[in-house]
Number of protein chains: 2
Amino acid sequence: MPNSPATKAAPPRRRRKEARPAELTAAALEVFVEKGYAATRLDDVAAQAGVSKGTLYLYFDSKEALFKAVVREGIVPALTEGEALVAGFKGNSEDLLRELATGMWQLIGAQRIGGIPKLVFAEARNFPEIAAFYQQEVIQRGTALIRSVIERGIKRKEFRKVDVAAVVHLVMAPVLMRMIWRHSIDCCAAAGVDDATYFDEYFGIMLRGLRAERKAS
Amino acid sequence: MPNSPATKAAPPRRRRKEARPAELTAAALEVFVEKGYAATRLDDVAAQAGVSKGTLYLYFDSKEALFKAVVREGIVPALTEGEALVAGFKGNSEDLLRELATGMWQLIGAQRIGGIPKLVFAEARNFPEIAAFYQQEVIQRGTALIRSVIERGIKRKEFRKVDVAAVVHLVMAPVLMRMIWRHSIDCCAAAGVDDATYFDEYFGIMLRGLRAERKAS
DNA sequence: ACGGTTAATGACTGAACGGTCATTAATTTA
DNA sequence: TAAATTAATGACCGTTCAGTCATTAACCGT
């Protein structure tokens, strides 16, 4: 039994004004993804970060502000990166879609932050402020990004003519559902299908489904 | 001002032992879908059904029991119907998949009960009992149902050889995501795409993606 | 009409949680 | 080293909610 006799001796306070915000959003991400928004207790976030609840309120005005910070830090940069990829891409649109989806999966889906979309979908109704925020900062940019890829493919005659708005959602759905499964019923191994196989089949179906038919000469 | 002078006169009690359970599950469905599981207050469910909270506990042991009753009443019968469709189907597998997906959408997705999957995905982590229940009674049967259709198609050489487990999830994803959108960020009109268009494009891509390539003679 | 049965009620309990603020102590400055 | 500054604390408040139970009243048989 180390640390005797007072095992519960209060650890010394540390003043670390600079490092706190990042530590707190990291801790918050952990707990939000684990518990959801409403069910996250700020005491738990504080404990996870090794500080008291009071300290949390020193850096963030409210639970909502804390959540927004987590999203801005974890998702928005990935979107910016995706936009850059699309803007500068030279090859065919199939490859672009592949790279974009794969990149987004690696940056978001496969990370802890990949638990956030589930949370937002789940609790949007109960927290309209958060829904509006996420709509603006993530969904609008995300769908615009996919749309630009689909339209590029159609314009270059690599993809069939399809209803772009619908297809944008169809392309995103399997990726989003993969994130959702991973963070809900069967943690980390949705029905025993590994990521590689899942994405292989995803591209196999999606790209065959989008490909412009080769007109018999 | 009708009903004067005591506008707040307590409405008379009514004893309706037979009708209550169905009324209560209907009210519960409404509130669960609106608020989610944890955020649903049993007082609200009772109010929605026009009874007091005490009455609710007369018919259901707990919130959990109430929720299970809602699922058993609203989703399980649709699965049974789907199983019957597949078991007796004579045509080709493309048409079977079409009918199954369309039928499930009409029976579940387009109804209020279509809000339940979102809720389960969202809160499975926090309520393991409910996750296990839903896994057993819905997910297992649902995935088995889709799997049987995919396998049928491959066996009859109507579909390509694919990784069945992965494709089962890929086929379900767009339908599930449609339900989720509908009950979260943009209520009832996911990004301005109507159901008909969405499902047209869904089948267009999925079936093209699954179809066995016609070997050049 | 009246007494017995039981469906229905709603005030109450105990636990939980977001947010506050007076107090404490680490660090800096003089 | 002593005073000033401010980061950090945690007890506390008001509110919310699942579940309980003593009381009330609707219905039924006689």
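**View 1. Overall make-up of chain A in the predicted model.** Chain A contains 10 helices and 0 strands, and its elements, followed from the N terminus, run α-α-α-α-α-α-α-α-α-α. Of the 217 residues in chain A, 49% are buried. Among the contacts in chain A with a separation of 6 or more, 71% are between residues 24 or more positions apart.

**View 2. The two assigned domains of chain A.** The domain assignment of chain A gives domain 1 as residues 20-63 and domain 2 as residues 75-210. Taken over C-alpha atoms, the centres of domain 1 of chain A and domain 2 of chain A are separated by 28 Å. The contact between these domains takes 7 residues from domain 1 of chain A and 9 residues from domain 2 of chain A.

**View 3. The protein surface around DNA strand C.** By residue class, the surface near DNA strand C divides into 5 nonpolar, 4 polar and 11 charged residues. Helix α3 (53-59) of chain A and helix α3 (53-59) of chain B each supply at least two residues of this surface, and the largest share, 4 residues, comes from α3(B).

**View 4. Individual polar atom pairs at DNA strand C.** For A:Arg41, a polar side-chain atom lies 2.7 Å from a phosphate oxygen of DNA strand C. In the case of A:Lys53, an N or O atom in the side chain is 2.7 Å from a base oxygen of DNA strand C. From chain B, a backbone N or O atom of B:Ser52 is placed 2.8 Å from a phosphate oxygen of DNA strand C.

**View 5. The protein surface around DNA strand D.** The residues of the surface near DNA strand D divide into 5 nonpolar, 5 polar and 11 charged. Of the atoms of DNA strand D within 4 Å of the protein, 68% are part of sugar or phosphate and the rest are part of bases. Two residues of chain A approach phosphate oxygens of DNA strand D through their side chains, with an N or O atom of A:Thr55 at 2.5 Å and a polar atom of A:Tyr59 at 2.5 Å. From chain B, a polar backbone atom of B:Leu42 is 2.9 Å from a phosphate oxygen of DNA strand D. The elements giving two or more residues to the surface near DNA strand D are α3 of chain A together with α3 of chain B, and α3(A) gives the most, with 4 residues.

**View 6. Helix α10 of chain A and its packing.** Helix α10 of chain A comprises the 16 residues 195-210, which at 1.5 Å a residue should span 22 Å, and its end C-alpha atoms are 22 Å apart, in agreement with that expectation. At the start of α10(A), a side-chain oxygen of A:Asp194 reaches to within 3.1 Å of the backbone nitrogen of A:Ala196. The buried residues of α10(A) include A:Tyr198, A:Phe199, A:Glu201, A:Tyr202 and A:Phe203. Within chain A, the buried residues of this helix pack against α6 (93-109), α8 (128-155) and α9 (164-182), and from chain B they pack against α9 (164-182) and α10 (195-210).

View 7. B:Arg182 has its place in helix α9 of chain B. Because its relative accessible area is 18%, which is under 20%, B:Arg182 counts as buried. The side chains of B:Arg182 and B:Asp195 are joined by a polar contact of 3.1 Å.

View 8. A:Gly82 lies in helix α5 of chain A, which covers residues 76-88. With a relative accessibility of 5%, A:Gly82 counts as buried. Not counting residues up to four places away in sequence, A:Gly82 touches A:Leu100, A:Met104 and A:Leu145. The C-alpha atoms of A:Gly82 and A:Gly142 are separated by 8.9 Å, although these residues are 60 residues apart along the chain.

How values were computed. Residues numbered from 1 in each chain as written. Chains lettered and ligands numbered in written order. Predicted model: local features only at pLDDT ≥ 70, side-chain atom pairs only at ≥ 80, totals over all residues. Heavy atoms only, no water. Polar contact = N/O pair within 3.5 Å; in protein donor to acceptor, adjacent residues only side chain to side chain. Nonpolar A, V, L, I, M, F, W, Y, C, P; charged D, E, K, R; others polar. Near = heavy atom within 4 Å. Expected span 1.5 Å × (residues − 1). Buried < 20%, exposed > 50% of the residue type's maximum accessible area, 1.4 Å probe, protein only. Contact = heavy atoms within 4.5 Å. Domains from an automatic or database assignment.
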